[in-house]
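The entries follow in the order in which I looked things up.

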Amino acid sequence: MKKKEIFLASFLLAILALLSAYFSYLTNTHTKKELNKMNEKTTFSVIENTPLFKKEYGKQYEQIVLREESHFLAEVNRFLDLNYEPEEINQIYAFLRRANIEKLLDSEKRNVKEYYSISNFDVDKIHRYEEYQRTHNCNLKEAVLKVNIGLDHDFYTQIEEIENKSDFTVLVNKYHSLGEYEPTDLKPLSYDAKYQLREQARNAFEELVSAAKLENVSIRPYSAYRSYEYQTSLYDKYVARDGKDVADTYSARPGHSEHQTGLAVDVWSEGFHEITKTDAKWLEENSYKYGFIVRYTKENKNITGYIEEPWHLRYLGRDIALDVYEKKIAYDEYYDLYLK
Ligand SMILES: [Zn+2]
């Protein structure tokens with residue numbers, strides 16, 4: 001055989017091997033699923049000998065997969081009273097969050113079938129999801145995400161006060177306020193002590209600056225922690241200069257700035273009053289290695305309500321910064337999908 005034919009033959013063999021491995025994987029998981037099904041106990045076997053047993057639901061109990069959750073049996077009765085089908089009850093317990101289950105038990109029967117695959121769905125927001133989907137012509141998954149962020153309401157409306165203000169993962173945006181929160185572990189940056197970040201973010205930032213320097217990227221901080229009072233004076237100044245609508249696109253209202261967390265820093269290129277394109281590109285591709293993300297991009301400006309800010313870095317810690325970087329989504333979306 002010629003070289004080319006040998007190559008082709010071995011290529012085909014490799015494909016065949018891969019395919020057969022894939023099929024055996026499929027059949028294997030299938031059998032495992034079947035086995036699990038056989039081992040599943042139904043609610044009937046347990047509820048039968050308890051005072052919760054209701055004769056009229058005998059048939060339904062047999063079709064409901066037993067769960068270990070406390071109060072499960074009592075809840076099954078409640079769901080059956082509300083006219084849920086056994087299969088629906090199985091799906092509800094298999095897919096929905098605890099908070100949703102409790103809300104369902106507390107209301108009239110609702111059709112939540114289409115939400116089973118949407119993990120961040122919230123029963124309380126069903127009307128808003130439907131309305132958003134109708135007015136924005138998008139799929140349900142997107143509607144859930146957008147509504148959860150708050151985007152069906154105008155920025156700076158329906159504002160909630162943040163509970164986990166000192167968490168490294170705290171979400172601060174136009175719907176979530178820090179109030180007059182002040183971090184307790186601010187430390188000065190080595191570049192100039194007038195700039196401060198929380199200790200862990202400070203150390204990570206120093207590391208980032210040194211690493212950048214090794215690759216001929218010289219950056220320096222020009223704004224780091226900002227107190228509630230300072231943000232007030234800054235925002236008022238911008239409003240006086242540009243008007244509220246414009247100021248809102250680049251400056252946060254007091255209580256809504258990431259700078260108030262002590263976890264955000266704005267950087268300029270050394271020798272410039274801006275971040276150069278090359279340096280911005282380096283930050284975009286490398287910040288996550290030190291636990292930072294570029295928080296406001298041109299892709300996410302409709303979600304964050306801010307213009308593209310390649311100079312604004314937000315500390316999240318390495319694991320989450322890497323994950324956000326890889327998923328290429330706004331932190332507001334990431335927070336709703338994975339951290340809430
Ligand atoms: Zn900033």
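Which residues touch the most other members of the largest nonpolar core? I note first that the model is predicted. I looked up the core and found 45 residues in it, with Leu 197, Phe 205, Phe 292 and Ile 293 touching the most other members. Helix 9, residues 199–214, gives the most to this core, with six residues. I also found another core lying apart from it, of eight residues, including Tyr 61, Val 76, Tyr 84 and Ile 89. In soluble globular proteins, nonpolar side chains tend to be buried together.

Entry on Phe 292. I set aside its neighbours within four places in sequence and listed the remaining contacts: Ala 204, Leu 208, Ser 287, Leu 313, Arg 314, Tyr 315 and Ala 321.

Entry on strand 7. I checked residues 292–296 and found five of the five buried. Strand 7 is joined to strand 8, residues 309–315, by four bridges, and the two run antiparallel. Within strand 8, Leu 313 is the residue opposite Val 294.

In what order do the four strands lie? I read 5-6-8-7, an open sheet with antiparallel pairing. Strand 5 (219–223) and strand 7 are the edges, each pairing on one side only. I noted that neighbouring strands are turned by 45° against each other on average, with direction ignored.

Entry on helix 8. Is this helix enclosed or open to the outside? I counted seven of its ten residues as buried, so helix 8 is largely enclosed by the rest of the structure. The buried ones are Ala 143, Val 144, Leu 145, Lys 146, Val 147, Asn 148 and Ile 149. I looked for what covers them and found, among others, helix 7 (126–136), helix 13 (301–304) and helix 15.

Entry on helix 8 against helix 15. I took residues 140–149 and 331–339; the axes come within 10 Å and cross at roughly 105°. The two helices are therefore roughly perpendicular to each other, since angles of 65 to 115 degrees fall in that class. On the helix 8 side I listed Leu 145, Asn 148 and Ile 149, which meet Asp 332, Glu 333, Asp 336 and Leu 337 of helix 15. By class, this contact has three nonpolar, one polar and three charged residues.

Most residues other than glycine have a negative phi. Asn 137 has a phi near 50° and sits in the loop between helix 7 and helix 8. I counted 8 other C-beta atoms within 10 Å of Asn 137, which makes it exposed, the limit for that class being 12 or fewer. Tyr 156, also not a glycine, has a positive phi of about 60°. I placed Tyr 156 in the loop between helix 8 and strand 1 (160–161). With 15 C-beta neighbours inside 10 Å, Tyr 156 counts as partly exposed.

Entry on the whole chain. I recorded 15 helices and eight strands. Of the 340 residues, 29% are buried. Among contacts between residues at least 6 apart in sequence, I found that 57% join residues at least 24 apart.

Technical notes:
Residues are numbered from 1 along each chain as its sequence is written. This is a predicted model: local features need pLDDT of at least 70, side-chain atom pairs count only at pLDDT 80 or more; totals for chains, interfaces and linings use all residues. Axes are lines fitted to C-alpha atoms, for helices over the stretch in contact, and angles run from 0 to 180 degrees between N-to-C directions. Angles under 35 degrees count as roughly parallel, over 145 as roughly antiparallel, 65 to 115 as roughly perpendicular and the rest as oblique. Two residues are in contact if their C-beta atoms, placed from the backbone, lie within 7 Å. Ala, Val, Leu, Ile, Met, Phe, Trp, Tyr, Cys and Pro count as nonpolar, Asp, Glu, Lys and Arg as charged, and the others, Gly among them, as polar. A nonpolar core is a set of buried Ala, Val, Leu, Ile, Met, Phe, Trp, Tyr and Cys residues joined through C-beta atoms within 7 Å. A residue is buried if 20 or more other C-beta atoms lie within 10 Å of its own, exposed if 12 or fewer, and partly exposed in between; C-beta atoms are placed from the backbone. Two strands pair if DSSP finds at least two bridges between them.
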